[in-house]
Every structure is written in C-alpha cells, then in structure tokens.
Amino acid sequence: MNQNLPNGNQIQIEDDRTGVDVETLKRAFSDNLFYILGKFSEIATKNDFYMALAYTIRDRLLRRWLSSQQTYLKQDVKIVCYFSAEYLVGPHLGKNLINLDIVDQVRQAVEECGLNLDDLIEQEEEPGLGNGGLGRLAACYMDSLATLDIPAIGYGIRYEFGIFDQEICEGWQVEITDKWLRYGNPWEIPRTEATVEIGLGGYTEYYYDENNRYRVRWIPDRIIKGVPYDTPILGYKTNTANTLRLWKAEAPESFNFQAFNVGDYYGAVNQKTYSENITKVLYPNDEPMQGKQLRLEQQFFFVSCSLQDMIRIHLLQENSLDNFGEKFAAQLNDTHPSVGVAELMRLLIDVHDYEWEPAWEITQKTFAYTNHTLLPEALEKWSLSLFGSLLPRHLEIIYEINRRFLDEIRTRYPNDPGKLSDFSLIDDRGEKYVRMAHLACVGSHAINGVAQLHTELLQKNILRGFYELWPQKFSAKTNGITPRRWMILSNPELTELITSKIGDRWMTHLDELRKLEPFADHPSFREAWRKMKQQVKSRLADRIEKRCGITVDPNNSMFDIQVKRIHEYKRQHLNVLHIITLYNRIKNNPNLDVVPRTFIFGGKAAPSYFMAKLIIKLINSVGEVVNNDSDVRGRLKVVFIPDYNVTNSQPVYPAADLSEQISTAGKEASGTGNMKFSLNGSLTIGTLDGANVEIRQEVGEDNFFLFGLKTDEVSQMKSEGYNPWEFYSSNPALREVIDQISSGYFSPEDSNLFKPLVDSLLYHDEYMLLADYQSYIDCQDRVSEAYRDWDNWTRMSILNTARMGKFSSDRAIREYCQDIWNVQAVPVKLEDYIQAKASFKVDPNQLLTTGS
C-alpha cells in the first residue's frame, strides 16, 4: 500500500504475509517463529527455523491458491482431477522458492538472520506419499498443470507413514518406519468441514421407491470418515496454485464410552484404530490376505472420497449432475483408482437417482485411463470373495457393466465365443477375479500408454482386444519431467550455465534447449561445461563419503549410475555382472589400462520381494570385495546409496556421466529417470525399451549406447525355447563371473548365499540377462573408449541436454489437455494489496454450512 508522509511523498508498505522484500521477509520469518511456533530465537531448534520459514513461504502461496479457487468458481471452468495412489512430490520448500522466484531474497533474509538457507531446506522431511515412477510422474504433472494455468485437483491418500526408510545393515536392506509427519507438515491445511463418509462390507437390499422404480440400497457394516488435507501446488512464475487434496481415514466416533464403562478398554478405541489403519502406511505388504484387503480398502477409500468431493463441488454451482462429465476430467493414474468406475455409477444410480444409461454416459465421459505397465502380474485383479465382502454393491454393478458389455461383444464377434472370456471383466479361469484394467478400459473414454513403444505393445499384446474394439480410444502420451525440480532446483550450476547462453525461456519451454546445440562445437563452452560437471560430481562425492564412508574420485573416474526401484526386470544384477567382469580383467592383469569407474546404485526393494533384496546384498557384497582389493587400486568403486528418494536423488542425476537404462526390452513402460539423467547431460547405455527409444531418436544414435535384444527378438527367443545354460556354457567370461558368485567368492561367510539368484539365472532367466550379457559387455567397452576422449564426451553430453526438450512434463500435459481432457488454461490475476480493503463482510443469508 502507499502511505503519505508529512511532506506529501509516499512510501510503499508491503503486507507481511505477501511481501517479498528482504526486510519484509525477515519480519515475517520472525513473526512466524514467535506467533506460530511459540519460540524465540535463543531456544529455537533448526527445525523450528525451518518451520517458521515454511510458514512464511506458505503465506505467499495462499494468496495465489485462494485467488485460483475464486477464479475457478467465478468462471465455472472445467477441472482436471488426477486420481493417483501415489504423489512422490519431494520436499516443498526449495521448489516453492524456485516457483515464486524469490530464492535470492529469501537467502539474503535468512543469512541476515544468521542462518543458512541450504541447511533449512535440508531440514525438511520428505513427504512419504509415493514410492517410484508412478508417484513422481503425478508430482511432475501437478507442477506442469499449475505452470500452464490448468485448473486441477490432485486426489490421493495422506499416508501417515511412507513406504519405509531404507538402511543398509551388513549389505542387506533393512526397513525402518518412515515417520515423515512426526514434526508436523506446515504445507498442508486440514479441511474438516469437507469430511465425507464411505462404507465397507455389509450387504445390499432391494426395494421400490415412491415412483415404483426398482432400487438397490447398500447397507455397509462399517463407516469410515475421510478428512481432506489440502496442499497448494504452485506453478512456476505464475499466479496459479492448484490443490493436492489427500484423504485421511478416521472413525466416525473416536471413543466408545459404552465399551469403556464396562471395562472394555481396547474396544473403546478399537474402531478408531481399525479406521485409521486404512491410511496408515503406503502400500502395505500385500502378500498375506490382510495386506490385499487393506490395499483394496485404501484404493476404494480415496476414490470414493474424491468422487463425493467432486459431486459436492459441482452441486455448489449446478442443479444436477447431467453435465458432470463436461465439468470434470478424471484421469486414472494406472489401475489403482479404477474402482472409481463402479463407485461413480453407484453414486449416480443409488444416491442421485439416475437411470443406468445416462449414468453410464456420464461415467465414460468423466474417466480416462493411463496404463503404466507391460507386466501382466502388475495389472491388478481382486478375487471375487474379497471384492464382494468389502464392496458388495460394487460387485453387483460390475456384473451389470460386464453383462451389457459382453452383449456388445457377442454382437461384434458372433462366431467367436472365446472372445467373451478374453474381454470379460471377470476372469473365470480357475479362481474368479475382477479385472481392474478391463473395468478401466470399458469405463473410460480414453486409454493411453506412457511412451510410443509402450502404447504399441499395449495395442499388440496386453490390451489388444480393446484396441481392436475401440482404436479411437487409444493414444500415446510419452511421460515427461518438470525442469523446475530436475534442473533449476537440483542442478543450479547447469541452470546458470545454460541461461548465460540462451536466456531463461527454456525453463517453461524446454524445446528452447535446442539453442545450445551450436555451443557444443565451441571449445570454451565445452570447457565451461566440463568444469560445471566436475563441480556437481564433487558435491555428490562429498555426500557419498559422508553417507556411505566411501571415498570416490570425481575428477578422473566415470560416474556410472543406476538408481531406481530394485526389480529383476530392471536388471541391476546385469550391471553387477559387468562390474565383476572388469574386476576379473584387473585381477588377471593388475597393470591393465582401464578407465576408472565409480558404480553408483540406489533404490528400494519391496519388503516381500526376496530376490530384489538379494540383489541389493549382491551389490554390496561385490562392492566390499572390489573396493578393498589392493590390485584394483581405486580404479573401480561400488557404492550403494541408501534410502533413495527425491531428496537423495537430486544431487545424483546432475553428477552422472553414464545412465544405466538396461531393463529387458518390452518390460519398462516408459521410465522417467532416463529423462532426468539425459536432461542433465548424462549419456545413456540402454536397451530399446520404454522411452529409451524416443530418447535415442531425439539425442541421436551417435550419442546413445545401444545394446541388447529388441522386444520382438526377446519374444522370438522365448517362443523358440530360450535356454540360458547355453549362454553360460559357451561364454568363458560369463561362466567365470557366475561361478564366482555361486562359489561364495563374494560371500565367504555363506557360500550358498546367492544360490537362489544363480539358479534363477541358469535355469529360468526370465529377464534374459545371460542372453544380453555379451552385448552389454561389448557396449560397455565402447563406452570406456568414448570416455577416454573427454572433449568429445563433453560435446555428446551437451547435445544430450540440448535435445531433451520433448521430455518436459509441460509438453505431456498440453497433449492430455488437447487430446483427452478438453480443458483450457485459466490465467489467475492477483489484486494489489490494499490495507484498507484487508477485511470482509458476509451476507448471513449466503453463509455456507459445514460440509458445503
């Protein structure tokens, strides 16, 4: 605001909650420490200072967030609703500073208070809301939706505990409870007034309503409250802040006085404990039946809460749900939320009195489905007994959807009764299951894969029938990543170097990176690029020494990195076979001239996935031998970074020289780690799998190290009777490596330790490691030769970054908006702060009630 001075001049006064001048920020920082946290600086902890700063930044988000909600309400816009069981958002503070474009002011304000901004940023607990690529993609998409001014709500689960914190003890993964909420979460706002109720279990009953219509009523035997917690998701240098709405499960009554009064102290709180278990932990171990039940409860819980919330929002402005599908675009992020098809039908038919046909039309208009897997076992299905016991009404609805759908199939394929079994929503071969991917396909108006190859394989194999039936539904939407977190925040050195040459428009228009290409031929720019790379490698080396106690050489050693979820199809153990091969070469000739390499791994194995955990043990056991062998003399180092998550990944991607994307061709849907590496200038060694295919097309074949069988070759070899033993027996180097692992060379304390892994490779080798071994070794030798020419390697690195514009999540979201969602950008304007208007007056006749 402007304030008049006695001499007639004016001074500008900022609002302490929205201003971004250094003095205003310092004042707000101090006020939040005092009034929100109840601390003064002499007794405040580092976490207190982080919390005070977080609240200070949140204030600046809230102005944009509330303005966005007001804009959407007034303009009656179409809203994207992203349904995802995971949101791997990463820490908020650093990202919000970037998006608000106030890093420098905040850094100065914090330093003038005697603190270090980077220390406070590192103090933040990472939200335990996701595990792998699915959740990280959802987070990137939320960032891009806001950056592109697209109205959106992200719906998910507010897990009290994340999947787990990983520690490495004697080489083994040990799971520790991820208590990410133990100090509170300053970024979220509970919205208890928008609480909804969901049912579980029970039975259905049939009746005729007052109009003599046949109706069904679900009588659940358990009721659970869903309480929403909202987190503002701000776009980059825009006024748009969308909502991440996560649901927490609570009991309708937290305490049973009747049970307490008769001495049943456990029973007094039993319902609270049972209800809250639903959102207790991310992805429970679903091997035992209790785990499967909890997982289904989680999925239905957040989907039902979200759909009820969308209906509530809609009815605030509309008199009916007839145009619900024109006002909301609900994207199913994989099969986890696909029960939403049946739930929306239930809400429309049983609660809002719709007939079947108009309800089905609304449902199909509302939903679109993204498939994220080519692994048949990852396509969720639920036994009829479990599904029916938890969701009896939904099973009835699915049966009716299936009956009507199979009538269509009979008409389409009158002479092929086998099609009925192929298409059916109920898998009746053996124990009967509900096929959730089939439900998603039938109940959605659009189906997409997440890379060109992935979509082609969906159409040819796993969803072939649906593609033949509805080819117009299918499209490819190659994944993307946000450059705001994966470049600007995590790699400031590279960001500064790029911006110094081509300006900063690339931050929201990643195709602008193409302007870097001519600089790849400038010796001075290559030298600056090489120095930048050494800086970020040194930063990672410091973290490795601090975290793992291993000293690595950032100056002369190639950083060869594979970080991702630990799974046999991702083939971390193929990487290990290469390490042992190099080790054996050195042992046979200690004076061998080899390119020094630091092999860096990271990733979590599912707690019940024994083979994946054994791979982690193998990596660490091989590292123990290689790192301490005097013949090696430090030329090879093996590092496993524990507890791989967004926080720990941010210094890793910028530091990579070589990115390992070595999954079996035809198994990886897309991948986004491959994009993060390449965007940061890493060269890729990989198969033609997932988005590797498109990355290779973009960066150029000469800048990508390709090896291995192609998808059709994998299929052909398997169909002809693949025998891994033949590769083992005919390749002396491979045989030596396998025999060393089998004999206990890397596990002297237990020579049989890795026998399950070796037996799997020799007698099954589902993921074709032995078939690809020699091609991989030969390709790695080409990598080493290329790395000897540092100048050309740097040129290739520059071209990798320059040609990665396609893989922005902004591009992906634009494609979804145009091809699937039919939504438009809605720019948000902020009014200037005027102190005299910093108040309101409410019309009591228009006051909303609780739950509105």
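Buried denotes a relative accessible area under 20%, exposed one over 50%, and partly exposed a value in between (1.4 Å probe, protein chains only). The model is predicted, so local features need pLDDT of at least 70 and side-chain atom pairs count only at pLDDT 80 or more, while totals for chains, interfaces and linings use all residues. Residues are numbered from 1 along each chain as its sequence is written, and side-chain values use heavy atoms, with hydrogens and water left out.

**Figure 1. Overall view of the chain.** The chain contains 34 helices and 25 strands, taken as DSSP runs numbered from the N terminus (helices: H or I, at least four residues; strands: E, at least two). Its radius of gyration is 28 Å, close to the 29 Å that the globule rule gives for 852 residues, so the chain is as compact as a globular protein of that length. The radius is taken over C-alpha atoms, and the rule is 2.2 Å times the number of residues to the power 0.38. Along the principal axes, the C-alpha trace spans about 90 × 90 × 60 Å. Of the 852 residues, 60% count as buried.

**Figure 2. The salt bridge between Arg222 and Glu297.** A salt bridge is a side-chain nitrogen of Lys or Arg within 4 Å of a carboxyl oxygen of Asp or Glu. Here the N to O distance is 3.5 Å. Arg222 lies in strand E11 (residues 222-234) and Glu297 in helix H9, so the pair ties together parts that are 75 residues apart in sequence. Glu297 is buried, at 3% relative accessibility, whereas Arg222 is partly exposed, at 23%.

**Figure 3. The salt bridge between Lys280 and Glu160.** The closest N and O atoms of this pair are 3.0 Å apart. Lys280 belongs to the loop between helix H8 (265-276) and helix H9 (289-315), and Glu160 to the loop between strand E4 (152-157) and strand E5 (165-169), so the bridge ties together parts that are 120 residues apart in sequence. Both residues are partly exposed, with relative accessibilities of 23% for Lys280 and 27% for Glu160.

**Figure 4. The salt bridge between Asp48 and Lys39.** In this pair the closest N and O atoms are 2.5 Å apart. Asp48 is buried, with a relative accessible area of 10%, and Lys39 is partly exposed, at 23% relative accessibility.

**Figure 5. A network of salt bridges.** Glu357, Glu400, Arg403, Arg404, Asp407 and Arg410 are linked in this network. The structure as a whole holds 70 salt bridges.
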